[in-house]
Amino acid sequence: MELRQLRYALTVAEERHFTRAAARLHVAQSALSHQVQQLEHELGTPLFTRTSRRVELTAAGESFVLHAREVLAAADRLRGEVSETGRAVTGTLRIGTITTLTQIDLAALIRAFLDAHPGVDVHVASSMSETIVEQVENGDLDLGFIGLWHTRPHADLTARVLGTEQLVAVVGHDHLWAGRTTVTLRDLAEVPTVDFPEGTGARRQSDDAFAMAGLPRTVVARAGSATLVAELAAAGVGVGFLPESDAVTRPSLHMLRIADAPIRTVHMISKPSLVTPPGRAFADLVEHHLRGH
């Protein structure tokens, strides 16, 4: 059993397609299929059921995916630990982040990281907090930057608190509330609002606040990014909800503090058993930044 075979099979499992997996790995499809078949022969069981359109994991394949990720992560850690003796970090850094992250300048930190480790390939994707937690747990991401309220990251994940933040209400400068500085949830229950989609951390924060207060709400528009929430609020579609740290950077909006708003905690998370050397190196860089080093 070779590490190459594990990587090939894991890529097929992620793509659910041999042709796409071969393209992603930059190998011939015939070579990929041969290596996967050799692996299945050595394991004594099929990992995939194949059709003309799609590839699905068998029960054995599902178990294989979990353990193969752990084996490959361990191999990457070993490779990185050996290379660190020469002060080199190589491989791939996979980061997931919420769109409203403002506690750190992620782009500037990535630039500093690549200046120090030019051999690393960095992948960054934005998603909602719950999805990022799942992907870090599964080993699909090295690090995640998430915002949670009323919940904590899974017990087997490390969580570094980056800060706390409160949601605020935002309106255009020509709005009737433009002369106010604060509102209550009861005020907000009586007007149309703009918010993030259901399932996102910020939306859950505002939904839970209304529910705990026993108040209804009217969401007339759902936007997948803070910038779009801001644009809709500025255009007068409804009162928007944004993290305070984001709202203060938008001169087109008037910000109102919510008297009874909840607080959300922003974390950097990783899974020690799966994080790769680039992931550890980037986490160290963030830690040094937070400590002012």
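1. Let's start with the largest pocket, whose volume is about 970 Å³. A pocket here is an open set of points on a 1 Å grid over the protein atoms alone, with protein on both sides within 12 Å along at least five of seven lines; the volume is the space filled by probe spheres set on the points. This is a predicted model, in which local features need pLDDT of at least 70 and side-chain atom pairs pLDDT 80 or more, while totals for chains, interfaces and linings use all residues. Residues are numbered from 1 along each chain.

2. The lining of the largest pocket (residues with an atom within 4 Å of a point) comprises 34 residues, with Glu 14, Arg 24, Asp 76, Thr 92 and Arg 94 nearest the centre. Helix 4 contributes the most, six residues. By type, the lining has 12 nonpolar, 13 polar and nine charged residues.

3. Helix 5 (residues 106-116) is worth a look: Leu 106, Leu 109, Ile 110 and Phe 113 are buried, meaning under 20% relative accessible area with a 1.4 Å probe. These buried residues fall within an arc of 100° seen down the axis, so they line one face of the helix. They pack against strand 3, strand 4, strand 5 and helix 11. On the other side, Ala 107, Arg 111 and Asp 115 are exposed, that is, over 50%.

4. Finally, Val 191 sits in the loop between helix 7 and strand 8. Its relative accessible area is 18%, so Val 191 is buried. Beyond neighbours within four places in sequence, Val 191 is in contact (heavy atoms within 4.5 Å) with Trp 177, Thr 218 and Val 239.

How values were computed
Heavy atoms only, no water. Helix = DSSP H or I, 4+ residues; strand = E, 2+ residues; numbered from the N terminus. Arc of directions from axis to C-beta. 1 Å grid on protein atoms, 1.4 Å probe; cavity = no way out; pocket = protein on both sides within 12 Å on 5 of 7 lines; lining within 4 Å. Nonpolar A, V, L, I, M, F, W, Y, C, P; charged D, E, K, R; others polar.
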